[in-house]
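Please go through this protein model with me, from the whole chain down to single residues. Keep the sequence and the 3D view open side by side.

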Amino acid sequence: MATRLERAVEIATKAHEGQLRKSGEPYIVHPKAVMKILQDWGMDEDTIIAGVLHDTVEDTDLKLEDIKNEFGESVAFLVDGVTKLGKAREGMRDIDTYLPQTKDNMLRLFVATGSDIRVLIIKLADRLHNLRTLSALPPDKQKKIAKESLEVFAPLADRLNMGRLRVEMSDISFSYVDPKRYEELKNLIEEKNRSGAKTMKKITDEVEARLKEEKIKAEISGRVKSVYSLHRKLAKHGQNINEIYDLTALRIIVEDITTCYLVLGIIHSMYMPMNGRIKDYIAMPKQNGYQSIHTTVITKDKRIIEFQIRTKEMHEYAERGLAASFYYNEQKLTESYKTGKIQHLPTNLLWIMELQQAAAQLKEGKKVDTKKLRLNLFAEKIFLYTPKGDIIDLPKGSLPLDFAYRLHSEIGGHVTGVKINGKMANLNTQLQHGDVVEILTSKEQTAKAGWFDKIFTSHARQKLKQQLGGVMDSIPKMAPPKKK
């Protein structure tokens with residue numbers, strides 16, 4: 001008896017029969033390639049099946065109801081989402097006309113997939129295979145699709161911390177957008193790698209021997225900077241290649257966080273660390289949830305080398321991002337899509353909840369404040385600490401009540417005051433990166449409508465609205481936060 005996935009391939013093959021791609025290949029080659037990509041990312045079976053069927057409703061006689069009857073409501077929902085996402089992008093086909101509003105259009109894509117983020121993951125797999133086969137299209141379409149991928153889809157992959165995908169998308173796209181510059185930088189990277197190969201081998205052997213001596217289990221591998229990443233970094237450094245210290249790096253993967261810091265100490269005992277070049281993304285993760293320790297050192301023969309130290313789980317997340325998170329949190333995410341609520345997710349996934357809320361409001365015909373939503377999705381993040389050392393990330397400009405509501409709505413609704421770095425502070429105080437924030441509460445305190453001018457994030461505003469209930473008609477507009 002055929003498995004569900006085999007049945008999906010069979011149905012898609014029949015539906016797309018007679019259809020050809022621009023390369024002349026049977027069209028089914030594309031859905032099967034999308035299926036393989038989703039399998040490589042470790043996605044769940046429903047997502048993979050939806051990947052096989054993602055073009056059937058739009059491009060064949062197959063009906064959504066047929067998919068629902070054969071594979072269930074979840075698969076039909078995902079296929080419908082991909083179809084609707086294609087329609088949401090109508091009117092933004094010409095990248096040159098919407099580049100100034102790139103974030104608005106990225107937002108539209110996010111909101112369109114807010115009901116189930118797996119829709120976006122399918123779309124990214126679809127776009128990746130289209131980029132891999134871009135050579136079959138005429139030059140004008142090649143450049144158009146490449147430019148859109150570089151300006152919209154690669155940043156989306158980055159927002160989801162899908163590092164491997166971001167790199168491949170960016171480099172393929174850049175090779176079509178500016179082929180001359182691409183080849184120039186590609187050759188430069190290859191030349192630098194050849195000249196530094198012996199040094200990298202020597203350092204790798206030294207570090208491996210020392211870690212073995214210390215009885216530390218570790219995997220060490222080289223990481224070469226991507227062409228597009230180098231292009232962007234050179235632009236920041238006046239095209240001076242000598243100021244790019246992470247052209248090549250050694251990545252050390254260990255079993256736990258404690259060992260990460262132990263290895264950092266060992267590396268610094270072997271080589272001289274460069275001043276200001278130690279970045280602890282474990283204690284303070286990047287906005288997209290990326291975690292690792294980066295340190296740049298000077299070897300005894302005056303070579304400059306970057307090390308990246310992380311756990312296996314951190315490495316998996318750095319490579320596959322949200323796809324890995326979905327794999328680890330599949331049950332929580334699946335349940336949340338059914339209920340329309342996301343709870344107890346890793347901090348870096350909480351923004352999905354705002355997308356779901358926005359998608360639900362749009363579905364009900366309500367207006368969505370895209371300015372505030374865009375602010376929370378794309379604003380620069382700050383990382384804050386609770387007195388116990390837990391890390392909370394919020395958009396830059398957030399206030400103590402935003403912090404309180406991020407901790408828990410019950411805490412937010414009973415705030416009486418705040419201590420910032422051990423000192424009493426006003427609720428209008430703008431929080432700064434690295435602050436230790438202690439929220440003071442009382443059971444007697446209740447939420448107040450006047451708090452709206454002391455709130456910055458839409459998440460906190462939503463929670464306060466729920467607590468206030470019937471007094472919402474008199475809500476004041478959000479005032480700009482006061483600075484310290």
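The report below starts with the overall chain and then turns to helices, cores and selected residues.

## Basis of the model

This is a predicted model, in which local features need pLDDT of at least 70, side-chain atom pairs count only at pLDDT 80 or more, and totals for chains, interfaces and linings use all residues. Residues are numbered from 1 along each chain as its sequence is written, and side-chain values use heavy atoms, with hydrogens and water left out.

## Overall chain

The protein chain has 22 helices and 10 strands. Both are DSSP runs numbered from the N terminus: helices are H or I with at least four residues, strands are E with at least two. Of the 484 residues in the protein chain, 49% are buried. Buried means under 20% relative accessible area, exposed means over 50%, and partly exposed lies in between (1.4 Å probe, protein chains only).

The protein chain exposes about 24000 Å², and carbon and sulfur atoms supply 50% of that area. Accessible areas come from the Shrake-Rupley method with a 1.4 Å probe; for residues, only the protein chains shown count as cover. Take the contacts between residues at least 6 apart in sequence: 66% of them join residues at least 24 apart. A contact means heavy atoms within 4.5 Å.

## Helix 1 against helix 3

Helix 1 (residues 4–15) packs with helix 3 (residues 45–53) at an angle of about 10°, and their axes are 9 Å apart. Axes are lines fitted to C-alpha atoms, for helices over the stretch in contact, and angles run from 0 to 180 degrees between N-to-C directions. Helix 1 and helix 3 are therefore roughly parallel to each other. The cut-offs are under 35 degrees for roughly parallel, over 145 for roughly antiparallel, 65 to 115 for roughly perpendicular, and oblique for the rest.

From helix 1, Arg4, Leu5, Ala8, Val9, Ile11 and Ala12 meet Glu45, Asp46, Ile48, Ile49, Val52 and Leu53 of helix 3. By class, this contact has nine nonpolar, no polar and three charged residues. Here Ala, Val, Leu, Ile, Met, Phe, Trp, Tyr, Cys and Pro count as nonpolar, Asp, Glu, Lys and Arg as charged, and the others, Gly among them, as polar. Helix 3 is mostly covered, with eight of its nine residues buried. Among them are Asp46, Thr47 and Gly51.

## Nonpolar cores

The largest nonpolar core has 50 residues, and Leu38, Trp41, Leu53 and Leu124 touch the most other members. Such a core is a set of buried Ala, Val, Leu, Ile, Met, Phe, Trp, Tyr and Cys residues joined through side-chain atoms within 4.5 Å. A second, separate core of 23 residues includes Cys260, Ile267, Met270 and Ile309.

Which residues does Trp41 contact beyond its neighbours within four places in sequence? They are Ile121, Leu124, Ala125, Leu128, Met162, Leu165, Arg320 and Ala323.

## Buried and partly exposed sites

Thr296 sits in strand 4. Thr296 is buried, with a relative accessible area of 0%. Leaving aside neighbours within four places in sequence, Thr296 is in contact with Tyr245, Met272, Pro273, Met274, Arg277, Ile304, Ile305 and Glu306.

Leu188 belongs to helix 12 and is partly exposed at 23% relative accessibility. Leu188 touches Leu230 and Ile241, not counting residues up to four places away in sequence. Leu188 and Ile241 are 53 residues apart in sequence and 9.5 Å apart in space, C-alpha to C-alpha. Lys286 lies in the loop between strand 3 (272–280) and strand 4. Lys286 is also partly exposed, at 35%. Its C-alpha is separated by 9.4 Å from that of Asn161, 125 residues away along the chain.

## Positive phi angles

Lys215 has a positive phi of about 60° although it is not a glycine. Lys215 lies in the loop between helix 12 (179–213) and strand 1 (219–224). At 74% relative accessibility, Lys215 is exposed.

Lys302 has a positive phi of about 70°, and it is not a glycine either. Lys302 is in the loop between strand 4 (293–298) and strand 5 (304–311). Lys302 is exposed, at 68% relative accessibility. A glycine with positive phi, near 60°, is Gly469, which follows helix 22. Within helix 22 (residues 458–468), the buried residues include Ser458, His459 and Arg461.
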